[in-house]
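I opened this notebook to record what I looked up in the model. The entries cover strand pairing, salt bridges and confidence.

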Amino acid sequence: MKTGTLLLPALLATAISVQAADYPEIQGKKIVSNTVNPLLMLRVNDRISAMNQVVFDDGQHINRWDGFDCTTNKAVKLYWEMLDDKDAVVRRFYGDSYDRYAEPKPQSALDDIAKNLCQASRLKNPGWVYIEKMSKYETPILLDTASVLRVNELVIAKIGFEYSEITFDPPYDAPYDLKLEVHGYNCETQHDNVIAGLDITPEGYVSDSLTGKAAQRRADTFVNTPATTAAFKQLCAMSTPTAFKGEGVYVPSTKKKSVSTLLGPGLPDFTNNSPKWMAQFPLHADIEKQALQIVNPWATPRFKKLTWNMQWSDNDVVPMQLDVQPNGLMLLLENYKMFKAQRLTMGNLGQLKGAISLSYTPTVTSELHTNLRFPLHQGQTFTFDTVAPKTGKDEKNTVINRRCEVTGSDDARQVSSVLSGRYWKVACEIESDGETRKETLAWLSDLNVFMPLTQWVKGKEVPVKVTNIEVTR
């Protein structure tokens, strides 16, 4: 490789090292080494993706993917992941999203080098030619002649698999319409080593990857077709491998690709607190009937939407959104930034169904036992017990038992100045998994909904701050 080929990764590594530890999980750690692999710098559709390997003084190491948009000369964050000593992913973050794909985020700290990278002569868009126009995988197999290299007996080449639909890879729901493999083929031994396997978005960025030891462990899953093996042998025989013609220049379809109906996103979409995903997993009819009989007619919600911010102890503010469903039950969305939780509730008490944005399956209550009746009154006691079936082979059913008492009432403006009417204070003791905790709720009579006053945090009951309440009637 020429000096210029190595200079770009070095410049990028230097720029990244200034803010490589700008994440809460690795702040304060000292960087021991910081390397951008030149073989994992690639350009597709005028988008450059580059992987930076960072090692810290405590042995922790991360892979960090950054992107550069050559249509705007701007940088973006793609994703980064913590690895163990076997290069297995411990955690992955797409922006603020934990273990789930999210759109690239602006990365202004690297904007200054975007133009240099985009003007680099070696970082060209692929010059795809067909190895096979239609393979046994039902996709064309392509070779990028613009990036093929010959280093002594080693041919380094990028092989592409173009898909007619946009597909989503588990477990992160990372979208792609192109899979790209970086191969190192030894012309003398005819041994082929896949250095990396990459998923590329329709936009042109890396959305998921398999590199290093992780790629080596999956070596037997990378199987070349006879035509691909023949192409490598031909490249080895050529004095100028970039002149490889294959079955001709690849001509991409101009038709806009649609999302795959079979392999589309599997994780829930909670945008705007949408009930569609959770609706795939209905409550048992008897439980829904029981819940609706409790709510109607004395506790029918008197609003359509309720939003607020909640904060307890020193935790970050958590935006909440509560939407009344057509049958009178309520759908609560909790936004924890790294993930979201959605819960179907009765009056915002307990949970009848629940899911998080990182899981492919929800928790659905199989039993509900309660003597709760409305309207509430001073000194009233009630139970609210739920059972949810186990989700794993070695797990137990989730049993949550609530013992609650109405202990008093006050002006709702004591909860928030934007509220009106009175509220009942309800103190609850909750037993689950052999542990007991306490919380206090406010039943807002003007809205017919429970709001939290306290929660159990680190072994004690602490008040919560409820701010920015907005009511849509």
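I took two strands as paired if DSSP finds at least two bridges between them; helices (H or I, at least four residues) and strands (E, at least two) are DSSP runs, numbered from the N terminus. On that basis, strand β15 (residues 305-312) and strand β28 (residues 460-472) run antiparallel and are joined by 7 bridges. I noted that Thr307 has Glu470 in β28 as its bridge partner.

The model is predicted: local features need pLDDT of at least 70, side-chain atom pairs count only at pLDDT 80 or more, and totals for chains, interfaces and linings use all residues. Residues are numbered from 1 along each chain as its sequence is written, and side-chain values use heavy atoms, with hydrogens and water left out.

I checked confidence (pLDDT, the predictor's confidence in each residue, from 0 to 100). The protein chain has a mean pLDDT of 90, and 93% of its residues reach 70 or more.

I then looked up salt bridges (a side-chain nitrogen of Lys or Arg within 4 Å of a carboxyl oxygen of Asp or Glu) and found 17 in the structure. Arg92 forms one with Asp208, with the closest N and O atoms 2.6 Å apart. This pair links strand β5 (residues 89-94), which holds Arg92, to strand β14, which holds Asp208, 116 residues apart.

For burial I used relative accessible area (buried under 20%, exposed over 50%, partly exposed in between; 1.4 Å probe, protein chains only). Arg92 is buried at 2%, and Asp208 is buried at 10%.

I also recorded a network of salt bridges that links Arg47, Asp69 and Glu203.
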